[in-house]
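Please open the model in your viewer and keep the selection tool at hand.

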Amino acid sequence: NISYGFLKLGVRKGDKIATITLNRPEWNFLDMGILQTGAIHVPIYPTISESDYNYILKHAEVKFVFVSGKELLSKIKHILPEVPSLKGVYSFKQIDEVKHLDELINLGKSNTQPELLKKISQAIQPGDPATLIYTSGTTGFSKGVMLPQRSLLGNIEFARKYMFMNPGERILSFLPLAHAFGCMVEFLFPFTLGCHITFLTKTPAPSTITEAFGRVKPNLIPSVPLVIEKIYN
């Protein structure tokens, strides 16, 4: 339905759609909905500076932006009129200023085009761009890295050889999904295996992460050394 909604809004192959949010299921729904239309997902960190948001949204020529709620919208609201490519803004939480994700979903439900979507998705090639990730550079603004479909698939196949999980097992997601590693190991890899994904929707901190360990009892905890060190201490 998200894909149908995008098609009704005129989204075409190669268009850029941005998300600005902490980890939450809607990020994953959007990622899949974007990719099968041939559009390109531009995941943006929710913690960067105003000047970085300004640069990325303009440089990527973003057409639609999705934010988690009022707090993140306030960080970019006055920038949005300066983005000439922008056609709309949506939120995952119900707020007055912008449309809610449900409006896009309901638009799709009212305008289903299964044959068109199937034709578009089947025409996507392994070398077509899937995501545009702005990673921190050594100097200046973030550098936009275009990853093709085959890159994501290659990572999944590699992970299957070395990360042993079974369908139904649990994974805890708290690394940023806007990062290539977080996206692969907390979403694409477990999703293709049929695993359960639990999202830590708060800002990750040792206390909230360790509390989540006890509640979720995950079989796999993707992390980075700094986080493990803090939790250990």
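This is a predicted model: local features need pLDDT of at least 70, side-chain atom pairs count only at pLDDT 80 or more; totals for chains, interfaces and linings use all residues.

A residue is termed buried when its relative accessible area is under 20%. By that criterion, F66 and F92 are both buried.

**Aromatic pairs.** Nine aromatic pairs are present in the structure. Select F6 and F64 to begin: their ring centres lie 6.4 Å apart with the planes at 50°, so this pair is tilted. It connects distant parts of the chain, since F6 belongs to helix α1 (residues 2-8) and F64 to strand β3 (residues 62-67), 58 residues apart. F6 is buried, at a relative accessible area of 0%, and F64 is also buried, at 4%.

Next, select F66 and F92. Their ring centres are 6.4 Å apart and their planes stand at 25°, so the pair is stacked. F66 is part of strand β3, whereas F92 sits in the loop between β4 (88-91) and β5 (99-100); the pair therefore ties together parts 26 residues apart in sequence.

**Strands β6 and β7.** Move to strand β6 (residues 129-135), where five of the seven residues are buried, so the strand is largely enclosed by the rest of the structure. Six bridges join β6 to strand β7 (residues 143-148), and the two run antiparallel.

**Helix α7.** Finally, select Q149, in helix α7 (residues 149-162). Q149 counts as buried, with 17% relative accessibility. Leaving aside residues up to four places away in sequence, Q149 touches L35, I124, Q125, P126, D128, P129 and A130.

Definitions and conventions:
Residues are numbered from 1 along each chain as its sequence is written. Side-chain values use heavy atoms; hydrogens and water are left out. Helices (H or I, at least four residues) and strands (E, at least two) are DSSP runs, numbered from the N terminus. Buried means under 20% relative accessible area, exposed over 50%, partly exposed in between (1.4 Å probe, protein chains only). Contact means heavy atoms within 4.5 Å. Two strands pair if DSSP finds at least two bridges between them. Rings of Phe, Tyr and Trp (its six-membered ring) pair if their centres lie within 6.5 Å; planes under 30 degrees apart count as stacked, over 60 as edge-to-face and the rest as tilted.
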